[in-house]
Amino acid sequence: MEERYQLAQERIRQILNEDGGDGTYRAYCHNAAELFQSLDQVYCAVQAGIDEVPVETLKEWNRVLYEDIRDGNYEHSYANPRVCCEQFGKEEGGVLCSLYSRFRDGIDDAYDGDRESLVLLMELFLQVYTVLTTEQDAARWLKETLYYYVHDYDEYYTEKNIRKLLDPSRDRLVNIVMESDLEDDRYLYYYGEHITDNEIRTARYIGSLPQETIARMARTFTEGYRQGFIAAGIDLSQKETVGIRYNIGFERVIRESVRLFAKMGLVPVIFKQSNTRAVGVCTTPANKQYMYDHRFDDALYLNHALVKEKLAHVEKAFEAHRELAGKFAGPALMEVFGEKLFVPQKKPESLSYTPEQQKLSVGYRRDYALIQSRYIKEEERSFTIIAFPIPEIGEDFEEIFAETIKLNTLDMGLYRKIHQALIDALDQGDRVHITGRGENQTDLTVKLHELKDPQTETNFENCLADVNIPVGEVFTSPVLKGTNGVLHVTKVYLNELRYEDLRMEFEDGMISGYSCSNYDSEEENRSYIRENVLYNRETLPMGEFAIGTNTTAYKMGRKYGIEAKLPILIAEKTGPHFAVGDTCYAMSEDVVLHNPDGKEIVAKENECSARRHTDIEKAYFNCHTDITIPYDELGDIVVLTKDGREIALIRDGRFVLAGTEVLNDME
């Protein structure tokens, strides 16, 4: 492998002095070659000890490696499909752009000191260079080169990524957290991720906080995780690892969290993996449009044979690491909010799926999740998730941060009683009617499960602050048949993408129509929703109906004008919300759960997830997107009983049910 590495580097250095055939591809090839030269510098420094590199050099490497895709530079980058297609034509340019983006994956490999992965990427580039300088039908041969690269090395990359998810011995990132001098900014650059003022200012602010505050943040985070296991009746003592995800800059809190997890008998697994948000280290993206442009790059090679092969590799890798998978307790996620709002630009030059590939992609996501659930069993794991702001949120960052800490530690005892009042009323109902006010056109009826024994059973979970921090919702899995009407929100962010006038129509719990007003044409708007909410499916069920009760979070958003920047974790608790996709109990419906009052939660499935007993491939969708109606757009929420009574919970956006009125005045 060392010999292959040196030979590849030598050939790449030569390319810098060549014209790339007739010169057509000279700039493209030189840019890629320069990237690999920069990666060689990083790789060699990692081998020698990156902590010996001057901070100025670390900063320069970070600038060089990411400036190509930053803001204005992206308009001239070969990572931009529009640039490649304009220069090389749509077919050939599409492949070259996808390849250029793939070469950038080498950034992670260089900082990880992963020589083998770097060698594979450099050899791929050399094959591409040969095609560009020798073949007449370059587009055809480029596609074939990429296909066989994916085909030949998918097993290698799949095993590597699954091992990263599970194996605590791969502890480079843990060592950054636990061993670095956190008062010295240089450690921020050890990750190899894009570093901005967000990460630097976050680290410095966290570093300025008293230890008592750090301990409080870490305790809330880890105790929520522990309580999740208790609530689900899962024996945490049988587990050994916890997957930690966080944003760079929060290392001081994560270090304290690792110590607290150790007291539970858990060691951390932290990793970076391209194109996933499951677990890992995160940072401010260099360019979200770049990420959006490349979301369907696998359209170049995705087919039935490859999907079947990839799933076989997934199963083989999980089987090889069966013992590690069995000891994995689940993820602990510390998310952030406050980044600049992003509205994607749809580019005709970007790759897209054919209808057949859409089905293949949906099937692959579903089947991957099913395989993973056999090794990391849903009924034997839990999670927790919490969020904090970053400096990009604005000049009130420090005030918002302090308020968020308070938000994450609200009085659970008080909310337990408020939620119980709501649940007692809801459990009398057959249906719930939700309407909007003002410009909001929501008019929706949600069907509830019938309770066989109301004295011992309940439809709604009393959601406090364990797995899902902060406190503030009661939720259920609706019955699909009988759930009908229109859900409308004038503006909302879903998975970091903005939607204007999002409208969804439901017929027997399934999406029967959808629209928004982001783009001029109805076709573009429908495509936007189909790709990013339905994930290329024809329809999805309503998997969850919830009533958010965290009026404190709502008022914080209004006070600082950051409503649109609140993460779904907080935003979903600032009004009723409706999730499309799986229920909250997907793949763990048979785990017995009780509310604090002792009643068993029985509404954990719907007509789709019930198919797990007969046809599991049709039971789950591997997605869950919450859509929240904010209180200022909300009209009424009324419980409708079988005997014709109406129990009002909210009127004109204000809580009116006895025992809940205090929510109207909470700060």
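This is a predicted model: local features need pLDDT of at least 70, side-chain atom pairs count only at pLDDT 80 or more; totals for chains, interfaces and linings use all residues.
Strand β18 itself spans residues 634-640 and is mostly covered, with seven of its seven residues buried.

β18 also pairs with strand β19 (residues 646-651): four bridges join these two, and they run antiparallel. Here you can look for Leu 640, which stands opposite Glu 646 in β19. The hairpin of β18 and β19 has five residues between the strands, and within this hairpin Gly 644 takes a positive phi near 90°.

β14 pairs with β10 in the antiparallel sense over four bridges, and Phe 545 in β14 is the bridge partner of Thr 476. Five bridges join β14 to strand β15 (residues 576-581), again in an antiparallel arrangement. Met 542 stands opposite Val 580 in β15.

Here are the strand pairings side by side.

| Strand pair | Sense | Bridges | Residue pair |
|---|---|---|---|
| β18 and β19 | antiparallel | four | Leu 640 and Glu 646 |
| β10 and β14 | antiparallel | four | Thr 476 and Phe 545 |
| β14 and β15 | antiparallel | five | Met 542 and Val 580 |

As you follow any strand on screen, keep in mind that side chains in a regular strand alternate between the two faces of the sheet.

Now to Thr 490, which is found in strand β11 (residues 479-494). Is Thr 490 buried or exposed? Its relative accessibility is 14%, so Thr 490 counts as buried, the cut-off being under 20%. The side chain of Thr 490 makes a polar contact of 2.3 Å with the side chain of Glu 633. Leaving aside residues up to four places away in sequence, Thr 490 touches Glu 439, Tyr 499, Glu 500, Asp 501 and Glu 633.

Some backbone details deserve a visit as well. Most residues other than glycine have a negative phi, and most peptide bonds are trans. Glu 496, in the loop between β11 and β12 (497-507), has a positive phi near 70°. Glu 496 is partly exposed because its relative accessible area is 39%, which falls between the 20% and 50% limits. The peptide bond from Ile 469 to Pro 470 is cis, with omega near 10°. Pro 470 sits in the loop between β9 (461-463) and β10 (473-476).

Asp 71 is another non-glycine residue with a positive phi, of about 30°. Asp 71 lies in the loop between α3 (55-66) and α4 (81-88). With a relative accessibility of 60%, Asp 71 counts as exposed, because the cut-off is over 50%.

Which helix gives the largest share of the lining? That is α10, with three residues. Both α10 (197-208) and α13 (288-293) supply at least two lining residues each. By class, the lining has five nonpolar, six polar and eight charged residues.

Methods: Residues are numbered from 1 along each chain as its sequence is written. Side-chain values use heavy atoms; hydrogens and water are left out. Ala, Val, Leu, Ile, Met, Phe, Trp, Tyr, Cys and Pro count as nonpolar, Asp, Glu, Lys and Arg as charged, and the others, Gly among them, as polar. Buried means under 20% relative accessible area, exposed over 50%, partly exposed in between (1.4 Å probe, protein chains only). A polar contact is a pair of N or O atoms within 3.5 Å; within protein, one must be able to donate a hydrogen and the other to accept it, and residues adjacent in sequence count only if both atoms are side-chain atoms. Contact means heavy atoms within 4.5 Å. Two strands pair if DSSP finds at least two bridges between them.
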